[in-house]
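Visitor: I'd like a close look at one part of this protein, with the numbers behind it. Please spell out the cut-offs as you go.

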Amino acid sequence: MTVPAPRTTLVKRRRYRFDLRSTALFFVFLAVVVSVLGLTARVAAGALERRPAWVFVLILIGVAGCLGLRRRWRVAEVARRAAAALDDAAREAAEQLEAPAVPPGRSAVEVVAVDYAALTPEEVDYAALTPEEFEEAIAALCERDGCSGVEVVGGAGDLGADVVAVTPDGRRIVVQCKHYDESHRVGSQDLQRFGGTCFTVHEADVAVLVSTSDFTAPALEYAQQCGILCVNGETLEAWTGGTGPRPWDVAPEAGTAGAAGSETAGAGS
């Protein structure tokens, strides 16, 4: 193996010329300074011989000067530390601002740490989740039961879609999640907003609204008319535990009523 030859660094050196005039002026200045210092010391010594009390005054002035310089150094050190802390904080804030944003489409595998496939309804406390975690949990259930391309797309400007996926039989499913407490039922306005976008905007083959609570009668009636499947908290627990059907197995065709609507009402009751 050939050993590379060490690199030679060329350093440009500045050449200085001897200047007799500058040298002579320097020594003259030095002599003047020494003479002034000597004269000052001589005058101070004579004054101290005539008035010994000045010794204490000079000592006090020297001590005060040293204390003043020490205090100034401390203040300067505190100022330097504060400036360094502000600089570090500004740098950290700039790094946070420059960090890439999380893309709106998130895979359920990437955002859900809980293995919902191994849990029973008693082990999954949907009420304790945040709305964002609830969306991720629904996405995980869809992926557990064979859906592909599962994404959590809820957020600002989602137009009613929180989870989108493709069912095992190839249909596009669009899910809206409502994380409400038991006293807050999903109303007809929630269904109307979702019904206005799930088919026309998101092109859903299966439209599902999942809630941790229940639905009002007008909401169920609107869902029957539009062909939206309503899944309340009880039906969700059955789906999670495997004792109930998957939503896309009982979902009505888009825009149908009658018998399909009765299936919707039964799932949401």
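Visitor: Among contacts between residues at least 6 apart in sequence, what percentage join residues at least 24 apart? And in helix H5, which residues are buried?

Guide: Bear in mind that this is a predicted model, where local features need pLDDT of at least 70 and side-chain atom pairs count only at pLDDT 80 or more, while totals for chains, interfaces and linings use all residues. Residues are numbered from 1 along each chain as its sequence is written, and side-chain values use heavy atoms, with hydrogens and water left out.

Your percentage is 61%, a contact being heavy atoms within 4.5 Å. The protein has 9 helices and 6 strands; these are DSSP runs numbered from the N terminus, with helices (H or I) at least four residues long and strands (E) at least two. Of its 269 residues, 32% are buried, meaning under 20% relative accessible area with a 1.4 Å probe and protein chains only, whereas exposed is over 50% and partly exposed falls in between.

Now for H5, residues 188-195: Asp190, Leu191, Phe194 and Gly195 are its buried ones. They sit on the same side of H5 because they span an arc of only 125° around the axis, taken from the directions from the helix axis to the C-beta atoms.

A nonpolar core is a set of buried Ala, Val, Leu, Ile, Met, Phe, Trp, Tyr and Cys residues joined through side-chain atoms within 4.5 Å. Helix H4 gives the most to this core, 6 residues. Apart from it there is another core, of 20 residues, and Phe194 is among them, as are Val174, Cys198 and Leu220.

One last stop in S5 (residues 206-211) is Ser211. Ser211 is buried, at a relative accessible area of 0%, and touches residues including Phe134, Tyr180, Val231 and Leu236. Its side chain also makes a 3.0 Å polar contact with the side chain of Ser213; such a contact is a pair of N or O atoms within 3.5 Å, where within protein one must be able to donate a hydrogen and the other to accept it, and residues adjacent in sequence count only if both atoms are side-chain atoms.

Notes. Lists of a residue's contacts leave out its neighbours within four places in sequence.
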